[in-house]
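Dear colleague,

Here is the structure I am handing over to you. My notes on it follow below.

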Amino acid sequence: SSLSIQLTRDQLELGQRLAAVVKPNSEIRPLFPEYRPTVPLRGNAKQWWRYAMRCVGRLNRYRSWIEYFVAFQKRKIYIDLYKRQTYAEESPWLAKITPAELTQLKQIENDRSISVAGIMHWRTISDAQAFKEDQKHQMHLASSHSESFEAQSPTRAKSSMRKTSYLAASSLFNTPKTPKKDLPGDLSYSSLVDDDKNSEKI
């Protein structure tokens, strides 16, 4: 006799998840390794208790305001230092990084409490800030060049303004003039002038 079992797709996926959970895993990874102390447990109970409390807080989605403030300070310092280290040579408005600041930058990058994803996110913000500052610098240079050109040739600027205003006024108040050749013979300009002179004589 043979036995056949039919499973739906949902049942098969559920079975695969259960098998993955039950399957023994030889590689045991620590919980939140960025918080795990590097010192041995004996003689350093305070650091390990602090590590346990932080892990419990992270699991319950709770973090102290001190951690937020420290992370904010590291983020602010790192974004500025990384931007100056990467773009100082091609951006004259940025000061070059000093050896002490470079050491501080390396310390933040080697900080185990900051994940690699966090460091890459901060670098992306720094690149975006540098790009925005470069755009503002280019716009400032363009405006300064235009102002210097207008200051060197004020007469040309005034004449161009007069020409523009004259064209605008003529476009508003211009009326089509009847050419002399289109006037009939009895209403020509010379006949009108003669009629005016005769009327004065009378």
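**Aromatic pairs**

The count comes to four aromatic pairs, where rings of Phe, Tyr and Trp (its six-membered ring) pair if their centres lie within 6.5 Å, and planes under 30 degrees apart count as stacked, over 60 as edge-to-face and the rest as tilted. One of them is formed by Trp 48 and Tyr 51, which are edge-to-face at 5.9 Å centre to centre, with 90 degrees between the planes. Both residues lie in helix α2 (residues 45–59), three residues apart, about one turn of the helix; helices here are DSSP runs of H or I with at least four residues, numbered from the N terminus. Trp 48 is buried at 17% relative accessible area, and Tyr 51 is buried at 9%; buried means under 20%, exposed over 50% and partly exposed in between, with a 1.4 Å probe and protein chains only.

Tyr 78 and Tyr 82 are a stacked pair, because their ring centres are 6.0 Å apart and their planes are at 15 degrees. They sit four residues apart in helix α3, about one helical turn. Tyr 78 is buried at 0% relative accessibility, and Tyr 82 is buried at 13%. Ring pairs also join Tyr 78 and Tyr 82 with Trp 122 in a cluster.

Helix α3 covers residues 65–87. Its buried residues include Glu 67, Lys 83 and Arg 84.

**Basis**

This is a predicted model, in which local features need pLDDT of at least 70 and side-chain atom pairs count only at pLDDT 80 or more, while totals for chains, interfaces and linings use all residues. Residues are numbered from 1 along each chain as its sequence is written, and side-chain values use heavy atoms, leaving out hydrogens and water.

Regards

Terms used: Helices (H or I, at least four residues) and strands (E, at least two) are DSSP runs, numbered from the N terminus. The expected span of a helix is 1.5 Å times one less than its number of residues.
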